[in-house]
Amino acid sequence: MAAFNLNTPFFNHRKVLSSIKIGTAPVVSLPMLPQTLPDSTAFTINNTLSTRKPVDKKDIVNNTGGKFGKFGGKYVPETLITSLARLEAEFNLVLHDSEFQEELTTALRDYVGRETPLYFAQRLTNHYKNSEGEGPEIYLKREDLNHGGAHKINNAIAQAMIAKRMGRKSIVAATGAGQHGVATAAACAKLSLDCTIFMGATDMEKQASNVLLMKHLGAEVEAVDGTFKDASSEAIRAWVGNLETRYYLAGTAVGPHPCPSMVREFQSIIGKETRKQGMEKWGGRPDILVACIGSGSNALGLFHEFIKDEDVRLIGVEAAGFGLDSGKHAATLTRGDVGVYHGAMSYLLQDEEGQILGPHSIGVGLDYPGVGPEVSFLKETGRAEFHTATDEEAVAAYLRLCHLEGIFPALEASHALAFLEKLCPTLPNGTKVVVNISGRGDKDAAIVFQYQLDRLSD
């Protein structure tokens, strides 16, 4: 296995204080770490490169692929530039390959179970009506009904197909709440690929049922000291150790280009279906879309289709944990600053010296100190608005949907549901609101039960 320096920019975090342009990417001035970024970061990959021949640097200069304003890019060691170029080229090829698209459409329909319903939540709608019987109409995009119980399978099956097409035999991935781990393990079982999932030891204790499912599906689950951010670093290290036979299957919209764009593209089926279903149900677009924000995969999946529809409000809800002033939250867009982490520039939770702050959320899948570059860009441009919900509010929303609709949402999605308490009283009668139920909450039942017990004992 190739040796890899833990202080390389791909794994180490950089807080952006100032920058100068070299080629198309900035060299970042760092307060704590004197190393400069490698020369390779001045290049971005040309979309027309073929995977069948080596990449030449002269083909990849002066190209802005993978950048959303100042966000995104490829802040990676020289080791990864060629592999990322090949991955991007393959990604661009499959987008226009009718055979691949037909195979993916079939898998999404017959294996994943798409399309997922756009469910009118009648009792939840009634709950938010005012004294005059008026209020918004609330619809739930039921990603929890996908095979594996979450939106993650949309991307996992597509990327596993790409890995097999590229001749890779082994998949490595990282997971927080375990939903991406389950989805990846299922896709690998279907396509006869070896699968290794890295997961934080803390998260494994909280999401033990998903760990068991991954193992039942044939995956090897590797425990990592820490949480999802640490598991991500370990998965990438494992990939770097054998680039020719392993494939890093990103489940979050973070990391170096093309990873965020791939995840968003394969999750965009959520918004495409929502547009179609809105036309069928009420003859128009939704007025408001609401999704939880961790790294941004489920939010971008819902939002992307509607970004150009400026009359559609896009609302992301981050995890406020114990409260924004507690220091125990995962509200990256609300309280974070711009920096470089895991190979891309985005908003991060960091201190004045640029060191990563440990995030917290009762929704394990939101427990990450950064967000994706495209979500960062939506904040920067003001196209989307971002709010927060605390652990307490998320648990209350989880129980509310259980009691009113007989649906148990993941605690991650419960943050989006929690914001309805503040949003609905401000809306005109008949406003069409779509909330993305990104996953189901049977994995969180014990966490909610323990939370209630702890509150009773306080």
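The protein contains 17 helices and 17 strands; helices (H or I, at least four residues) and strands (E, at least two) are DSSP runs, numbered from the N terminus. This is a predicted model, in which local features need pLDDT of at least 70 and side-chain atom pairs count only at pLDDT 80 or more, while totals for chains, interfaces and linings use all residues. Residues are numbered from 1 along each chain as its sequence is written, and side-chain values use heavy atoms, with hydrogens and water left out.

I begin with the overall figures. Of the 458 residues in the protein, 60% are buried; buried means under 20% relative accessible area, exposed over 50%, and partly exposed in between, with a 1.4 Å probe and protein chains only. Among contacts with a separation of 6 or more, 73% are between residues 24 or more positions apart, where contact means heavy atoms within 4.5 Å. The protein exposes about 17800 Å², and carbon and sulfur atoms supply 50% of that area; accessible areas come from the Shrake-Rupley method with a 1.4 Å probe, and for residues only the protein chains shown count as cover.

I turn now to the sheet. An open sheet is formed by 6 strands in the order E6-E7-E17-E12-E13-E16, with mixed pairing; two strands pair if DSSP finds at least two bridges between them. Strand E6 (118–120) and strand E16 (385–390) stand at the edges, and each has a single partner strand, so one side of each is left without a neighbour in the sheet. From one strand to the next, the twist averages 30°; axes are lines fitted to C-alpha atoms, for helices over the stretch in contact, and angles run from 0 to 180 degrees between N-to-C directions.

Within this sheet, strand E12 (residues 288–292) and strand E13 (residues 313–321) run parallel and are joined by 5 bridges. Which residue of E13 is the bridge partner of Leu289? That partner is Leu314. Helix H10 (residues 269–282) packs on the sheet and touches E6, strand E7 (137–142) and strand E17 (432–437); the direction of H10 makes about 140° with that of E7.

Next, the loops and the backbone. Most residues other than glycine have a negative phi, and most peptide bonds are trans. A cis peptide bond joins Arg114 and Glu115, with omega about 10°; Glu115 belongs to the loop between helix H2 (98–112) and E6. Another cis peptide bond, with omega about 15°, joins His257 and Pro258, and Pro258 sits in the loop between strand E11 (246–248) and helix H9 (259–267).

Ser192 has a positive phi, near 60°, and lies in the loop between helix H5 (179–191) and strand E9 (194–200). His342 also has a positive phi, near 50°, and is placed in the loop between strand E14 (337–341) and strand E15 (344–348). Is His342 buried or exposed? His342 counts as buried because its relative accessibility is 3%, whereas Ser192, at 62%, counts as exposed.

Asn130, in the loop between helix H3 (122–127) and E7, is partly exposed, with a relative accessible area of 41%. Asn130 and Asn429 are 299 residues apart in sequence, yet their C-alpha atoms are 9.4 Å apart in space.
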